[in-house]
Amino acid sequence: MVVSMMDIVKRFRAHTALDHLNMTIEEGETLGLLGPNGAGKTTAIRVLTGLTTADSGQTLLFGQEMRGTSVEIKRRIGVVPQDLALYETLTARDNLNYFGQLYGIAGAALKKRTGEILDILGLADVAKKAVKNYSGGMKRRLNIGCAVMHSPELLILDEPTVGIDPQSRNHILSFIEQMNAQGTTVLYTSHYMEEVERVCSRILIMDMGRVIAEGSVDELTRDSLKEETVVIEVRDPAPSLVESILNVQGVVRCDADDRSFTVISEIGSLNLARLIECAAPYTILGMEARRQTLEDAFLALTGKKLRDGGESE
């Protein structure tokens, strides 16, 4: 077990940020940490990395208790903060060299590692340019590079792809997958659900400072969702078609828009054949059973939707 947070409580005056939080991460795992704004994700990461002291509970990393002074444990961790931690007047190479030296890398080993990171992150051609002249995506990639110069055993990424282009996002996700394939354990937070679905083997959802659900995408959607959606498109439908659909067993709602009908049913209704029968008098132009997503499960569990910048509703 790489991470074990047991019964963690952290209060800020009258506000309870972490309410008896329990979280584990196994070696080689990529854990996605989700939650609406104010759920306690950032506080959990700060306690995990020794930046904040919990009021009670115990945090173990690599089987040892994590404290603010646990330097040897911290050397085994890489942290990618949401706010860029770069020296913008320096070049990419200088930034990587600096952070590498902080972890005791020097000489030929430092030069080799810097070159590897620049190549992997697609920054070799601009390695001698000042970071202030970089695009947002380039800065995000370099931010990750600085965090992994020392080849950490545990990599913690807090919203690493905020505000960047699709190409840089894909490059970052591929890099994370490569690190994990090489044995790095990963803790990943993001409000982009498709990213979490892609890179995370297990997902933990927080709200109000505690864990409210955890499991794979399939497990979360299966256990939290109570409805399923089928969209039917027909040519020249009569108004009575909505009434016919609503009379089908298990149908909860039918939203009609011109010739498209979005049918919400109780999960497991298995009424696809009955819906086809309802639409049979008309020319069926298309039918789609929509896949249940992680975002569907998140909304069902929290009633809130993550937005760019960490806002929620």
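This is a predicted model: local features need pLDDT of at least 70, side-chain atom pairs count only at pLDDT 80 or more; totals for chains, interfaces and linings use all residues.
Six strands make up an open sheet, in the order β6-β7-β8-β3-β9-β10, and their pairing is mixed. At the edges stand β6, residues 77-80, and β10, residues 210-215, each pairing on one side only. From one strand to the next, the twist averages 15 degrees.

Strand β9, residues 202-207, runs antiparallel to β10, and five bridges join the two. Within this pairing, Leu204 is found opposite Glu214 of β10. Two helices pack here. Helix α1, residues 41-48, packs on the sheet and touches β3, β7, β8 and β9; the direction of helix α1 makes about 150 degrees with that of β7. Helix α8, residues 217-224, also packs on the sheet, where it touches β9 and β10. Its direction makes about 110 degrees with that of β10.

I turn now to the charged pairs. Side chains of opposite charge can pair when their charged atoms come close. Glu214, already mentioned, is linked with Glu29 and Arg202 in a network of salt bridges.

Which parts does the pair of Asp55 and Lys10 tie together? Their side chains meet in a salt bridge at 3.8 Å, N to O. Asp55 lies in the loop between α1 and β4, and Lys10 lies in strand β1, so the pair ties together parts that are 45 residues apart in sequence. Asp55 is partly exposed, at 45% relative accessibility, whereas Lys10 is buried, at 11%.

A second pair, Glu153 and Arg76, meets at 2.7 Å, N to O. Glu153 is partly exposed, at 37% relative accessibility, and Arg76 is partly exposed, at 25%.

Arg113 forms a salt bridge with Glu116, with the closest N and O atoms 3.3 Å apart. Both residues are in helix α4, three residues apart, which is about one turn of the helix.

Is Arg113 buried or exposed? At 15% relative accessibility, Arg113 counts as buried because the cut-off for buried is under 20%. Glu116, at 31%, counts as partly exposed.

Terms used:
Residues are numbered from 1 along each chain as its sequence is written. Side-chain values use heavy atoms; hydrogens and water are left out. Two strands pair if DSSP finds at least two bridges between them. Helices (H or I, at least four residues) and strands (E, at least two) are DSSP runs, numbered from the N terminus. Axes are lines fitted to C-alpha atoms, for helices over the stretch in contact, and angles run from 0 to 180 degrees between N-to-C directions. Contact means heavy atoms within 4.5 Å. A salt bridge is a side-chain nitrogen of Lys or Arg within 4 Å of a carboxyl oxygen of Asp or Glu. Buried means under 20% relative accessible area, exposed over 50%, partly exposed in between (1.4 Å probe, protein chains only).
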